[in-house]
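I opened a notebook page for this structure and noted what I looked up. The entries follow in the order of looking.

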Amino acid sequence: MSDDDFVLPPPPRASVAVAGAARRFPVRRVYCVGQNYAAHAREMGGDPDRAPPFFFSKPADAVVESGATLPYLPRTADLHHEIELVVALRSGGADIAREAALEHVFGYAAGVDLTRRDLQAEARKLGRPWDFAKGFDHSAPIGAIRPASSSGHPRRGRIRLAVNGETRQDADLAEMIWSAPEIIAILSGFVRLEAGDLIFTGTPAGVGPIRPGDRVAGEIEGVGSVELAIA
Ligand code: MN
């Protein structure tokens, strides 16, 4: 189909930069894992006992290029940072076996799961959906994707985030409760995964507020970095 087949110009396709390449990664869907580091599960009042992981999602067009300056986001007084390893899929399927899961990975990036913590706390208390606490405009800043074909699949490595140069989150990917292949296997049992899907794999402890004027810098060893500023 061409643009002329639509009653309006089709919306632009969300995409993410690929490290060392001119061409970009097209985004289909954005999935996220909740509480995948024990110390963060505890700080959120959870119990890190390898209970099955739970998932939520963000719209594809919530993706923001690393380096962007964002407005302070509306309807919140408690905007939080969550640095996360992001998995980018080159192919998909349903009920993918854990042993075959990494074949579907295009690469990895550092991303920030921006969260309106006050809206999330209210939703948790009232048993309401998290959509507007997690899936709002500009809620998914993400750095360039590093292809697994050149850099492999990270199983360990320092993951950290600083606000205005002060370290807030500092952990290791090896502390993830559920690994990337386990997450892909379990998530693909709930939804069919496809090329272009991104999966935020959860954040370590140390989440906290970011305020107008703050500069946020995240880095994952062997994967890449992500930066954003709040106007
Ligand atoms: Mn998160």
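Which residue in E17 is the bridge partner of arginine 160? I found glutamate 219 in that place.

Before going on, I note that this is a predicted model, in which local features need pLDDT of at least 70, side-chain atom pairs count only at pLDDT 80 or more, and totals for chains, interfaces and linings use all residues. Residues are numbered from 1 along each chain as its sequence is written, and side-chain values use heavy atoms, with hydrogens and water left out.

Entry: the five-stranded sheet.
I traced an open sheet with the order E6-E18-E17-E13-E14 and mixed pairing. Strands are DSSP runs of E with at least two residues, helices are runs of H or I with at least four, and both are numbered from the N terminus. Two strands pair if DSSP finds at least two bridges between them. Strand E6 (68–70) and strand E14 (166–172) are at the edges with a single partner strand each, so one side of each has no neighbour in the sheet. Direction ignored, neighbouring strands of this sheet are turned by 15° against each other on average; the axes are lines fitted to C-alpha atoms.

I then went through the pairs. E13 (residues 158–163) is antiparallel to E14 over six bridges, and valine 163 has glutamate 166 in E14 as its bridge partner. E13 is also joined to E17 by five bridges, again antiparallel. E17 and E18 make a hairpin with three residues between them, and glycine 222 in the turn has a positive phi of about 80°.

Buried means under 20% relative accessible area (1.4 Å probe, protein chains only).

Entry: the three-stranded sheet.
I found a second open sheet, in the order E10-E7-E16, with antiparallel pairing. Strand E10 (115–116) and strand E16 (208–209) are its edges, each with a single partner strand, so one side of each is left without a neighbour in the sheet. E7 (residues 79–81) is joined to E16 by two bridges, and histidine 81 stands opposite glycine 208 in E16.

Entry: the metal site.
I looked up the donors of the manganese ion: Glu82 (OE), Glu84 (OE) and Asp113 (OD), at 2.0 to 2.1 Å. Donors are N, O and S atoms within 2.8 Å of the metal (3.2 Å for Na, K and Ca); water is not among the atoms, so sites may look incomplete. The donor spacing in sequence is E-x1-E-x28-D. Glutamate 82 and glutamate 84 are both buried.

Entry: the largest cavity.
On a 1 Å grid over the protein atoms alone, a cavity is a set of points where a 1.4 Å probe fits but cannot get out, and lining residues have an atom within 4 Å of a point. I found one cavity of 30 Å³ or more. The largest cavity has a volume of about 90 Å³, taken as the space filled by probe spheres set on the points, which are joined across faces, edges and corners. Its lining has 17 residues, with Gly34, Gln35, His40, Glu82 and Lys134 nearest the centre. Helix H2 (residues 117–126) gives the most to that lining, with three residues.

Notes
1 Å grid on protein atoms, 1.4 Å probe; cavity = no way out; pocket = protein on both sides within 12 Å on 5 of 7 lines; lining within 4 Å. Buried < 20%, exposed > 50% of the residue type's maximum accessible area, 1.4 Å probe, protein only. Axes fitted to C-alpha atoms, helices over the stretch in contact; angles between N-to-C directions.
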